[in-house]
Amino acid sequence: MTYVVTDNCIKCKYMDCVEVCPVDCFYEGENMLVIHPDECIDCGVCEPECPAEAIKPDAEPGLEQWLKINADMAKSWPNITQKKDAPADAKDFDGVTGKFEKYFSANPGEGD
């Protein structure tokens, strides 16, 4: 099992999870984060830290797409180990449905 970042992170991009990860397995995209599944040690400390509740164990049904997205994007996005500020409008996007289709960006973020 590993943990995955799901669509509610898109345009919310809170980074509370980054600070608590003991193995630095988060990678930053333009408008979301992902977890590298080969680096995640399944400790679970990141899950309760996410204000948007966007981090889930991959054992939950229906997350296969997100496991693939996390694995694929972690290969090209930069590693992030330090918390940055969330976007100013993050709260406006928390809980919005259909964010992947409307807002997902494959562009990398800045990383550390």
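These legends go with several close-up views of a predicted model. Local features need pLDDT of at least 70 and side-chain atom pairs count only at pLDDT 80 or more, while totals for chains, interfaces and linings use all residues. Residues are numbered from 1 along each chain as its sequence is written, and side-chain values use heavy atoms, with hydrogens and water left out.

**View 1. The largest nonpolar core has 33 residues.** A nonpolar core here is a set of buried Ala, Val, Leu, Ile, Met, Phe, Trp, Tyr and Cys residues joined through side-chain atoms within 4.5 Å. Buried means under 20% relative accessible area, exposed means over 50%, and partly exposed is in between (1.4 Å probe, protein chains only). Phe26, Met32, Leu33, Ile35 and Ile55 have the most contacts inside this core. Two or more core residues come from each of E1 (3-5), H1 (16-20), E2 (26-28), E3 (33-35), H2 (64-74) and H3 (90-93). H2 gives the largest share, four residues. Helices (H or I, at least four residues) and strands (E, at least two) are DSSP runs, numbered from the N terminus.

**View 2. What surrounds Phe26?** Contact means heavy atoms within 4.5 Å. Leaving aside neighbours within four places in sequence, Phe26 touches, among others, Val5, Cys17, Leu33, Ile55 and Pro78.

**View 3. H2 has a buried side and an exposed face.** Trp66, Ile69, Asn70, Met73 and Ala74 are the buried ones. They sit on the same side of H2, because their arc around the axis is only 115 degrees, taken from the directions from the helix axis to the C-beta atoms. These buried residues pack against E1, E2, E3 and helix H4 (99-103). Turned away from them are the exposed Glu64 and Lys68.

**View 4. Cysteines, but zero disulfides.** A disulfide is counted when two cysteine sulfur atoms are within 2.5 Å. The sulfur of Cys21 has its closest cysteine sulfur in Cys25, 3.6 Å away, so that pair is too far apart for a bond. For Cys9, the closest is in Cys50 at 6.3 Å, also too far. Cys9 is buried at 6% relative accessible area, and Cys21 is buried at 11%.

**View 5. Ring pairs link Trp66, Trp77, Phe100 and Phe104 into a cluster.** Rings of Phe, Tyr and Trp (its six-membered ring) pair if their centres lie within 6.5 Å; planes under 30 degrees apart are stacked, over 60 edge-to-face and the rest tilted. The whole structure has four such pairs. Phe100 and Phe104 make a tilted one, 4.9 Å centre to centre with 35 degrees between the planes.
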